[in-house]
Amino acid sequence: MSDSLSESGFDLDHVDRLLTTTRAVRKRLDFERHVSDELIFECIDLAEQAPTGGNDASRRWLVIRDQDTKNELGRLYAEVGTLFINARGRLDGTGHPKERVVSSSAFLVENFSRSPVLVMCAIWGIHDDSGRPGLFDSAIPSAWSFNLALRSRGLGTAYATMLNNKSEDVAELLGIPSGVTTLVCFPVAYTIGQDFSPAPRRPAFEITYFDQWGFTRSQGSQDGSARIEDGPGVVVEIDTDARPKAIWDVISDINMPAQFSEELVKAEWTSDGDPQVGSTFRGSNSISGVREWETDCIVTEWKDRAAFEWRITDAEKPGAIWRFDLAEQGGGSRLRFSMTIGKDNNGTAPRALKDPTQESRVLHERRLVHKANMQRVVDGVKGLVDR
Ligand SMILES: Cc1cc2nc3c(=O)[nH]c(=O)nc-3n(C[C@H](O)[C@H](O)[C@H](O)COP(=O)(O)O)c2cc1C
């Protein structure tokens, strides 16, 4: 018996490999190998085990094998897909983070109709904002299960949705009645090789919030309540129209974000030269000209247009870790401002630890103050760059 059998009897090595390596496959689709109807039925049967709103059996699947019909769908797909072909022209050889996915997507645009079989997932209903379940919400879980079922049997696909921009033409071509929504058209084939890897994704602790939007913990708590030893933190994020460069120019000038914060109103470099890892600055807060506190900060990450992290008082035992992260998002950028409260060198930890029954409450209240303050900072930065 494998060590990795779960409480429910599943071999987690297998299950986790399926869940972490079911990739969007395009260049490694084997266009030459036949895929049987039996296999498609089998995968649809598995996919149909997915939940549906109101247990309403409204999903329908459309399997396209006729080459003329595939060619016409390929032509429609390419009309929308020119954006990938154009983007590939711009990105090829640049090392841009999207270069590979764009090149792969463009390949699918050019080869869509070569798939041995195209499988559409559709549902009776249209999105009418009625709030009723059973529309997209019921089709998507089964569409993903279909992907997993394919992968488990040596096949692959990509979750191709671009034909949704051509739904009237598609409906006419395939005789789909009004009142039916098509969501995705899978190009299905055996994959060339089986060695697919997990994708880099943000770790759960960075994107999982507890009890309040933006409240993080850097590790799981023993009993579920917030504890100083679990690395309680706060995240605020904002989307801007500006490119990362414009935001970096603001956040890398330490006094610019400070002006929006009620806690930190002044910051000045205390080390010489251009900022880099190891540089230091001093932050202070003075109300009505009276200095309330000042604190020394050490830069622990400095990545042009991407990340700026600093630690309070002691890099090894920080009072807090503060961080800006920048990423391209759509045509603009997403700015993420986060902090983690340290175990030492701050006023919060002793206050929280004084009475264990109050620890969670103290951390909650302190983080509400941080969150409001950090929100002012990102709103202020957005105001500067989105003018
Ligand atoms: C809602 C949705 C729409 C997508 N639409 C397309 C599409 O039209 N064409 C395509 O080639 N890939 C499409 N994809 C696949 C994504 O590009 C792919 O999942 C992403 O690049 C990450 O790659 P990975 O799944 O291998 O990790 C879509 C995925 C989702 C979830």
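# A quick tour of the model

Asp195 sits in the loop that runs between strand 5 (180-191) and helix 7 (204-207). That residue is one stop on a tour of a predicted model, whose protein chain has 11 helices and 13 strands.

**Asp195, out in the open**

- Is Asp195 buried or exposed? Asp195 has a relative accessible area of 58%, and because the cut-off for exposed is over 50%, it counts as exposed.
- Its side chain still has a partner: there is a polar contact of 2.8 Å between the side chains of Asp195 and Arg28.
- For a sense of distance, take Asp195 and Phe324: they are 129 residues apart in sequence, and their C-alpha atoms are 36 Å apart in space.

**The chain as a whole**

- Picture a box of roughly 80 × 50 × 45 Å along the principal axes, and you have the space that the C-alpha atoms of the protein chain fill.
- The protein chain has 387 residues, and 43% of them are buried.
- Take the contacts in the protein chain with a separation of 6 or more: 63% of them come from residues 24 or more positions apart.

**Around the ligand**

- Which residues surround the ligand? The list runs Arg23, Ala24, Arg26, Tyr77, Val101, Ser105, Leu108, Tyr159, Ala160, Thr161, Met162 and Arg201.
- Helix 4 (residues 99-111) provides the largest share of the shell, with 3 residues.
- Arg23 places a polar side-chain atom 2.9 Å from an oxygen atom of the ligand.
- Tyr159 uses its backbone instead: one of its N or O atoms there lies 2.9 Å from a nitrogen atom of the ligand.
- Thr161 comes in with its side chain, where a polar atom is 2.9 Å from a nitrogen atom of the ligand.
- How much of the ligand does the protein bury? Taken alone, the ligand exposes 620 Å², and the protein buries 63% of that.

**Thr21, tucked away in a helix**

- Thr21 belongs to helix 1, which covers residues 12-21.
- With a relative accessible area of 4%, Thr21 is buried, because anything under 20% counts that way.
- Who touches Thr21, once residues up to four places away in sequence are set aside? The answer is Arg151, Phe196, Ser197 and Pro198.
- With Arg151, the link is also a polar one: the side chains of Thr21 and Arg151 make a polar contact at 2.9 Å.

**Ser279, buried in a loop**

- Ser279 is found in the loop between strand 8 (266-269) and strand 9 (280-287).
- Why does Ser279 count as buried? Its relative accessibility is 4%, and the limit for buried is under 20%, so Ser279 falls on the buried side.
- A polar atom of the Ser279 side chain lies 2.9 Å from the backbone nitrogen of Gln276.
- Beyond its neighbours within four places in sequence, Ser279 is in contact with Trp269, Ser271, Asp274, Cys297, Ile298 and Val299.

Conventions:
Residues are numbered from 1 along each chain as its sequence is written. This is a predicted model: local features need pLDDT of at least 70, side-chain atom pairs count only at pLDDT 80 or more; totals for chains, interfaces and linings use all residues. Side-chain values use heavy atoms; hydrogens and water are left out. Helices (H or I, at least four residues) and strands (E, at least two) are DSSP runs, numbered from the N terminus. Buried means under 20% relative accessible area, exposed over 50%, partly exposed in between (1.4 Å probe, protein chains only). A polar contact is a pair of N or O atoms within 3.5 Å; within protein, one must be able to donate a hydrogen and the other to accept it, and residues adjacent in sequence count only if both atoms are side-chain atoms. Contact means heavy atoms within 4.5 Å. A residue is near a molecule or strand if one of its heavy atoms lies within 4 Å of it. Accessible areas come from the Shrake-Rupley method with a 1.4 Å probe; for residues, only the protein chains shown count as cover.
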